[in-house]
Amino acid sequence: MKQRVITAAVALLIFVPLVIYGKLPFEILCILLGLIGLSEIYIMRKKLLVSPEAMIGSFAGLTILVPQQWLTFLPDPEIRFSIFYFFILIYLLYTVMTRNRFSFDDAGFLTLGVIYISVGFHYLIVARQAGLDVLFLILFVVWATDSGAYMVGRKIGKNKLAPHISPNKTWEGTIGGSLIALVVGAVFTYFFPQVYSWGTMLLVILLASVAGQLGDLVESALKRYYGVKDSGKILPGHGGILDRFDSLLVVLPIMHFVGLI
């Protein structure tokens, strides 16, 4: 527990000032986090970080990760998606070159992993560009959901939510986490109004809370399938980058979809 608290304190001392400052340092941080998250996916799949498939995936991820303003040298910034597809074609050609030692299943898994992680961290950058208050609202909702679900689940949780994936999660914790997030988000948006009316924002906050818990379950299912306890070891006591950002990777694209960022 002591190690967990120390790691959290150090991580917040680094993360929060960069969130507040924003701009290039925060963008670089998000890109690094995305690349580390990709490395955790490769390791789960038992791929070497210096392997051709890992390098291809990292370059593909970068085409999505980097912020739009970094691509002004391109005739059309949207060409990034064509470049991404080019790397996926290389994956498919690589299955032929390796005579299926690198299989279509490998290519499919890594492609989905690249999209899942890179899109999420890309929208972390977009959220900061939308405004410091917007990003802190999303962070507070996700953190309140996680903490609330843990506390309520531990206190009164009895009915298992998904015992085959995450045995400790309960329906009581899930509902309690969302209710606490709703209160936290309601107070925040009262003092820092967002693009929608206060009533509409309550629905957006509830959506973010539920999406965050689904993101947690997605990563739990991934780890359970590959038989690992944590996605990585970079954060002592907490696991890997995906363990800490699993909720945000789902929440942020959805918040973009609903127009909050």
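In this predicted model, the count of aromatic pairs comes to 14. One of them joins Y225 and Y226: the ring centres lie 4.9 Å apart and the planes meet at 85°, so the pair is edge-to-face. Y225 counts as exposed because its relative accessibility is 66%, whereas Y226, with a relative accessible area of 18%, is buried. Ring pairs also link F136, F140, W143, F188 and F192 into a cluster.

Helix 8 covers residues 198-226. With 29 residues at 1.5 Å a residue, helix 8 should span 42 Å, and the 42 Å between its end C-alpha atoms therefore agrees with that expectation. The residue that follows helix 8 is G227, which has a positive phi near 65°.

| Charged residue | Ring | Distance from charged end to ring centre |
|---|---|---|
| K23 | Y21 | 5.5 Å |
| R45 | F109 | 5.0 Å |

The largest nonpolar core contains 66 residues, and within this core F121 and I138 have the most contacts. Helix 5 (residues 104-130) supplies the largest share of the core, with twelve residues. For I138, once neighbours within four places in sequence are set aside, the residues in contact are L248, V251, L252, M255, L260 and I261.

Note on methods: Residues numbered from 1 in each chain as written. Predicted model: local features only at pLDDT ≥ 70, side-chain atom pairs only at ≥ 80, totals over all residues. Heavy atoms only, no water. Helix = DSSP H or I, 4+ residues; strand = E, 2+ residues; numbered from the N terminus. Expected span 1.5 Å × (residues − 1). Phe/Tyr/Trp six-rings, centres within 6.5 Å; stacked < 30°, edge-to-face > 60°. Buried < 20%, exposed > 50% of the residue type's maximum accessible area, 1.4 Å probe, protein only. Lys NZ or Arg CZ within 6 Å of the ring centre and 35° of its normal. Core = buried A, V, L, I, M, F, W, Y, C linked by side-chain atoms within 4.5 Å. Contact = heavy atoms within 4.5 Å.
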